[in-house]
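Visitor: I'm new to this one. Could you walk me through how to read it?
Guide: Happy to. Let's take a look.

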Amino acid sequence: MKIAEKNVIAGVTVSVRESQLLFDEDVAANWTDDYTAECKVELTFTPEGASPKEILSGDQLSEAGILSIKVTDEFNNSATAEITLTAVAVTGLENLQNLSLQVDTPVNLLEGLTIAEGLTLQKVEIEQDGVRTEIADPKSYIPEAPGTINIILTFTKPDSSTIEVKVERLTVKGVEYQAVSIRDIKPEEVFPQINQIEA
């Protein structure tokens with residue numbers, strides 16, 4: 001076994017060639033048998049929370065679950081292995097959730113995010129009060145109004161389909177201001193010349 005876990009969010013083609021299991025062109029697992037030149041290979045994919053289904057060489061996978069490989073030789077001896085498949089478009093979303101957002105203060109919405117291999121960031125939108133607005137420069141976003149917002153990241157897969165990742169219920173604070181304090185001011189503090197005139 002060469003790969004124990006694989007992120008397949010962008011879609012991978014699973015294929016069997018000779019004595020290797022490939023994800024696209026990368027070797028995920030290989031096997032050898034002393035007596036059988038070509039073993040029988042069975043692939044089973046179990047999506048999260050669903051029933052197992054048979055996978056054929058050349059099928060594409062893009063959802064999370066467990067891929068099981070069963071290799072059987074001509075004497076009916078078999079070995080099995082499992083690869084965990086994940087489907088994560090972007091890591092580091094906790095950085096977005098922990099952002100300090102304030103009206104009129106620029107912030108980088110993409111800082112600390114890592115996009116999965118094979119995906120392309122298409123657009124970043126802000127949703128406030130049910131209205132979506134695309135952000136022209138997500139690396140320098142300036143909130144305009146206080147309240148609660150959602151941030152929506154849209155990614156394009158290699159097959160041109162899109163997926164959305166949403167971070168919800170972020171708070172935008174209003175502009176901080178200092179309250180005006182009034183104290184007794186002597187005329188000479190405002191116009192120091194008064195002291196000179198009187199002198």
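**A guided tour**

Guide: Let's begin inside: the largest nonpolar core has 26 residues, and Ile151 and Leu153 touch the most other members. Keep in mind that this is a predicted model.

Visitor: Which elements give two or more residues to this core?

Guide: The general idea comes first. In soluble globular proteins, nonpolar side chains tend to be buried together. Here, the elements giving two or more residues to the core are α1 (93-97), β13, β15 and β16 (162-173). The largest share is from β16, with 5 residues.

Visitor: How do β13 and β15 pair, and over how many bridges?

Guide: Strand β13 covers residues 120-128 and strand β15 covers residues 147-156; they pair in the antiparallel sense over 7 bridges.

Visitor: Which strands form the open sheet with antiparallel pairing, and in what order?

Guide: That open sheet has 4 strands in the order β4-β3-β2-β7, and the pairing is antiparallel. Its edge strands are β4 (26-30) and β7 (59-61), each pairing on one side only. From one strand to the next, the twist averages 30°.

Visitor: Which residue takes a positive phi in the hairpin of β2 and β3?

Guide: That's Glu18, with a phi near 50°, in a hairpin that has 2 residues between the strands. The hairpin of β3 and β4 has 2 residues between them as well, and in its turn Asp24 has a positive phi of about 55°.

Visitor: Where are Asn76 and Asp104 found?

Guide: Asn76 sits in the loop between β8 and β9. Its phi is near 70°, a positive value in a residue other than glycine. Asn76 is also exposed, with a relative accessible area of 65%. Asp104 is in the loop between β11 (101-102) and β12 (114-115). Although it is not a glycine, Asp104 has a positive phi of about 70°, and at 54% relative accessibility it counts as exposed.

Visitor: Back in the loop between β8 and β9, is Asp73 buried or exposed?

Guide: First, its place: Asp73 lies in the loop between β8 (65-72) and β9 (78-86). Asp73 is buried yet has no salt bridge. To count as one, a side-chain nitrogen of Lys or Arg must be within 4 Å of a carboxyl oxygen of Asp or Glu. Lys70, the nearest side chain of opposite charge, is 11 Å away. What you can find beside Asp73 is the backbone nitrogen of Phe75, which lies 2.9 Å from a polar atom of the Asp73 side chain.

Visitor: What is the order of strands in the open sheet with mixed pairing?

Guide: That open sheet has 5 strands, ordered β1-β9-β8-β5-β6. Its edge strands are β1 (5-7) and β6 (53-55), and each pairs on one side only. On average, neighbouring strands of this sheet are turned by 30° against each other, direction ignored. At the β6 end, 3 bridges join strand β5 (residues 40-47) to β6, and the two run antiparallel. To spot that pairing, look for Phe45, which stands opposite Lys53 in β6.

Note on methods
Residues are numbered from 1 along each chain as its sequence is written. This is a predicted model: local features need pLDDT of at least 70, side-chain atom pairs count only at pLDDT 80 or more; totals for chains, interfaces and linings use all residues. Side-chain values use heavy atoms; hydrogens and water are left out. Buried means under 20% relative accessible area, exposed over 50%, partly exposed in between (1.4 Å probe, protein chains only). Lys and Arg count as positive and Asp and Glu as negative; His and the chain ends are not counted. A polar contact is a pair of N or O atoms within 3.5 Å; within protein, one must be able to donate a hydrogen and the other to accept it, and residues adjacent in sequence count only if both atoms are side-chain atoms. Two strands pair if DSSP finds at least two bridges between them. Axes are lines fitted to C-alpha atoms, for helices over the stretch in contact, and angles run from 0 to 180 degrees between N-to-C directions. A nonpolar core is a set of buried Ala, Val, Leu, Ile, Met, Phe, Trp, Tyr and Cys residues joined through side-chain atoms within 4.5 Å.
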